[in-house]
Amino acid sequence: MEFGPHLMLASLEGAVIASVLVLTSMGLSIVFGVMRVVNVAHGEFYMLGAVLAWYVTSLLGGHPAVGFVAALVVAPLLVGLIAALSDRVILKHLKYDADRTIVATIGLLYIIQQTTLMTFGPDARPVEPPFNHRLALPWFEFGEGGFAMYWPWGLSTTSYKLFVIAAAAVVLVALWLLITRTKIGLIMRATQQDSETAQAFGIPVGRVYSMVFGLGAALAALGAVLVVPIQQAHYLMGADPLLLSFIVVIIGGLGSLPGTVVAALLIGMSDGIISVFFSPTLAKILATFLVAMVLVWRPQGLFGRSAT
Amino acid sequence: MTVRRKSATLHLSVLAALVALFFILPPYHSGNLSRIMVLAIYAMGFNILFGYTGLLSLGHAMFFAAGMYGFGLSINLGGAPLPVAFLIGMASATALAAVTGFLALRTTGVAFMIVTLMFAQTAYLVVLYFGSYTRGDEGFVIQSAERMIFGIDLTTEGARYVTALLLFSACFLALARVIGSPFGRTLVAIRENEERARMLGYDTGVHKLKAMILSGLISGIAGAAYAMLFGYVGATFATVQYSIFPLLWVLLGGAGTTIGPLLGVFFMFYLIDFSSSVTTAYMLVAGVVLVLLTMFAPQGLMGEMRKRVFPWLP
Amino acid sequence: MSNGTSKKTDLNRRTALKGIGAGALLATGAMPGSLGFAQAQSSAPIRIGFQKHATGIGAAYGRWYDATTQAAVKRINDMGGINGRPVEIVVEDDGTDPKRGAEVLEKFANQHKVDVAFGTLFSHVVIGSAPRAGELKLPYFVVSEGHHVASGMLNRYTLQPGITDVKSQVQSMAPFVANNLGKKVTMIFPDFAFGHDHRDFFSAAIEAQGGEVVAKIAVPPAETSFTRYFPQIPRDTDVVYHVMVGPAVLTFVKELGEFFGPSRPEIFGFIDSLEAVDIQSPGLEFLEGTYFWEGNPRHAQENNSEFDTAYRAAVGVDARGASLDDPKDVSTYAHMFGCWETLNVIKAGMETADYQGPQDRAKLIGAVEAMTDLPHSLDHPQGAKLFNGKTHQVFGAQFISKVTDGTLKVEHTASIEDGMYEDEVDYTAQSF
């Protein structure tokens, strides 16, 4: 394929990846920003979203769209509840001590993964998208008569992938409205800025933490429900999103939600585009190393304020 | 008895116990113990940086792998004699630790975690990229014929145990020495409050770098020893989970204690071994144990001992 | 999960050493089997350690390997066992991890005291475990498809008598591809050892047929979206050759279809991409008319042998290779037969060697090494085989199927000779 269409294809694919990544890493960013804890089980909440989506769609049957809409609502809700429960039972007890939370969430990771293996099984299972049409995309070239459109071989996307991009944007806007325009959002931001003062003002910090933890997990699950018709539900699928979300959050800067969005877009898009120019494994090597170097020279991330 | 005497007695008792166990245990368990001792070296290396200096690295698998591949490639591709290959393994890990330290120690806390994680990921991908030499994830075998030193075949049960024990003892005693020295105490001071240590005049940057290099060196020794005694080199050992393992072992056994790492490896090994004979869900058991342990015994086994019973524990 | 019920023996070091020494003496074959080393347990079970991928990336295969193993053992026991002794399977999970795999072999040899170990699929686990098998002098029968056994990397205790290796498979595909599908091939493979083997072996084989590999597209491991790799496929490609593995394969196949749309070149894949996946899953419609290598035809063919029919019934799969209990639960049909056949080879070897106990392990290996023709039978339902005692690798027929109306129909069967290559090692020249 020629360079132009190839780049466009890579960009579109990158946009899909970035969309899902934005949702997943927003979840982590909110948890990180407000509670200052590292949740190693974040990827497992993502995986649970996909697995639960499969259960919901299988149970409901009928037209895939029905099951899918139900899954969009049910899965994040359930995962959020599970997460909030884990917070109440485990993390609160640890008083959110950094090291202990890491260990506890590693334990939680094993528990969730193994339970899923025992119930859902080791196979990767597909979920049908609510709709899916192949859309051939045009490209432009300079012909004799000026600009002309043509349809390059292989340059295409699907209607569902476009939907994912749109859906992620909608959710982001909703999230932004929630955080900046509602009382709950205000409480979250207050707790993030200074939890002691917030508590002095009568904010139930403990309950806010549970809610935030649940919200973070629910966002990851939502991302997974959106992506599962493109990929499959598999009990080990949480590892990559965990890694990527962490990278995004740190690069974007702790406690900076706009930073997270920018970093997610950057990393999601670049993953696809770099592979146009370099062999994929080499591309991954470069990308990983670059991420590390960004942090080495600017530990507070791109948008972060001061070091923690 | 002074603390120093007590510590020395404790350490020597541990080593004596390990010697005795060789004769008491049936072959299955003495074989496990060889493996446990090698992995305990890795845990001790990690403990220097995490338990004593307070720096949590999520990328130590790259040091283990550097030692392993340095050793393995020297023998298989370079035809080097065994002791030379072992030294090359150690040197590789040390060099990698120095470079990593130079770059990563500019960050702290969570950023440090991510940077070390990213470096380790890069190392893993590099191993895969040069698959024509390293055979990538599949790995390669070091034939028994190569694993002989001074005519002694290291692949027999006895020789393997003795070698593991010798390496373990050397690292164990050396590290105990380091911990008891002024350098070691400075590391602890840095862990407790780096600002204050700096204000007292210590060059914390240099101390942290040295700790990182020592930590990497010991981890590399473990990697080279593993390849030498068990005959396999593979990219699996450079993956993230092999960076998580030493964290778990050290936390379970007691971070910042000398015996903690060995106990942590031992405990985790038998926990998995025992529960896997009861159910395939042994990782579930491990997960539950981890959660319970960190909720109710956060200092780890030896750490709790130190807190409640023996305050002098090194 | 079944498990050996042996308690920890209180064998102390000295008697253990004595036992091993005596066993070694007997194993040299210098003395006949009965010299007072009373193995008077002629009714004690033969214990076979099954190294199973119960968790980890190989878990989907591990499940079916287990089902096939249990079925094969049941049949053997129903027929009277081995040398009149019942067979007992001891299962341990290796987590699809090479470190744990080696530990599990130690457990088999020293704690469970099995006679032989068997059953591993993933190459890195095999390579990680094999050195220990050699040191423990434990016969290790792998069902892995990897070329590592025949390449000489391993040792005399490791054998692969039940399933063919990837070099042989790939090589035997080249003539059909070159003559029927096209001479210009684009290869898409995972960027690690398994994929590199396909790349290297197939490039050599297709060039020998006058073809050419016009593009080699390596996909990084653990990749989850593939569309951005497809633009690298050159326009003039005749055939796309793909062999993706892992949980994302369904995505790969779907996106390949979405990329090409209505105008696609010929497509030749390895069924590894679709093991445990239903061909008729939504999104896979475009596979219609494409070709697959099959180790063992998943869908029962018109001229199906009685052996295959009986084998399916014993293992519990239907004529489409799915579980009898759940037609959506598709098996790993192209690989799991290896367990069945390997266990039958172990049985035959033990009977030829008059295997009585661990002291006869070397005799057992010698007996298996002496095997050559393994005829098509219920012992070997996939087809006739030829075992190479020197390289410890078996050779067999390979099948090429075309997806026709949602069913895999065998169009070509490559012969055993098509897949043969020069010996790269002679394990029989090595000592025990």
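Biologist: What percentage of the 314 residues in chain B is buried?
Modeller: This is a predicted model, where local features need pLDDT of at least 70, side-chain atom pairs count only at pLDDT 80 or more, and totals for chains, interfaces and linings use all residues. Residues are numbered from 1 along each chain as its sequence is written, while chains are lettered from A and ligands numbered from 1 in the order in which they are written. A residue is buried if 20 or more other C-beta atoms lie within 10 Å of its own, exposed if 12 or fewer, and partly exposed in between, with C-beta atoms placed from the backbone. For chain B, the buried share of the 314 residues is 58%.

Biologist: What radius of gyration does chain B have?
Modeller: The C-alpha trace of chain B spans about 55 × 45 × 40 Å along its principal axes. The radius of gyration is taken over C-alpha atoms, and the globule rule is 2.2 Å times the number of residues to the power 0.38. A compact globule of 314 residues would therefore come near 20 Å, and chain B agrees with its value of 19 Å.

Biologist: Among contacts in chain B between residues at least 6 apart in sequence, what percentage joins residues at least 24 apart?
Modeller: Two residues are in contact if their C-beta atoms, placed from the backbone, lie within 7 Å. Of the contacts in chain B between residues at least 6 apart in sequence, the share joining residues at least 24 apart is 76%.

Biologist: How many residues of helix 3 of chain B are buried?
Modeller: Chain B has 14 helices and 4 strands; helices (H or I, at least four residues) and strands (E, at least two) are DSSP runs, numbered from the N terminus. The expected span of a helix is 1.5 Å times one less than its number of residues. Helix 3 (residues 61-76) of chain B has 16 residues and should therefore span 22 Å, which agrees with the 22 Å between its end C-alpha atoms. This helix 3 of chain B is mostly covered, and of its 16 residues the number buried is 15.

Biologist: Which element of chain B gives the most to the side that touches chain C?
Modeller: The contact takes 26 residues from chain B and 35 residues from chain C. Helix 2 (27-52) and strand 1 (140-141) of chain B each supply at least two residues of the chain B side. The largest contribution to that side, 4 residues, comes from helix 2 of chain B.

Biologist: What is the strand order in the open sheet of 7 strands in chain C?
Modeller: Two strands pair if DSSP finds at least two bridges between them. Strand 6 (residues 184-190) and strand 7 of chain C run parallel and are joined by 7 bridges, with Glu212(C) in strand 7 as the bridge partner of Lys184(C). The edge strands, each pairing on one side only, are strand 7 (212-219) and strand 15 (407-414) of chain C. The pairing in this open sheet is mixed, and the order in chain C is 7-6-8-9-10-14-15.

Biologist: In the open sheet of 3 strands in chain C, is the pairing parallel or antiparallel?
Modeller: Strand 11 of chain C is joined by 2 bridges to strand 12 (residues 385-388) of chain C, and Asp373(C) has Leu386(C) as its bridge partner. Strand 12 and strand 13 of chain C pair over 4 bridges, with Asn388(C) opposite Gln393(C). The strand order is 11-12-13 in chain C, and the pairing is antiparallel.
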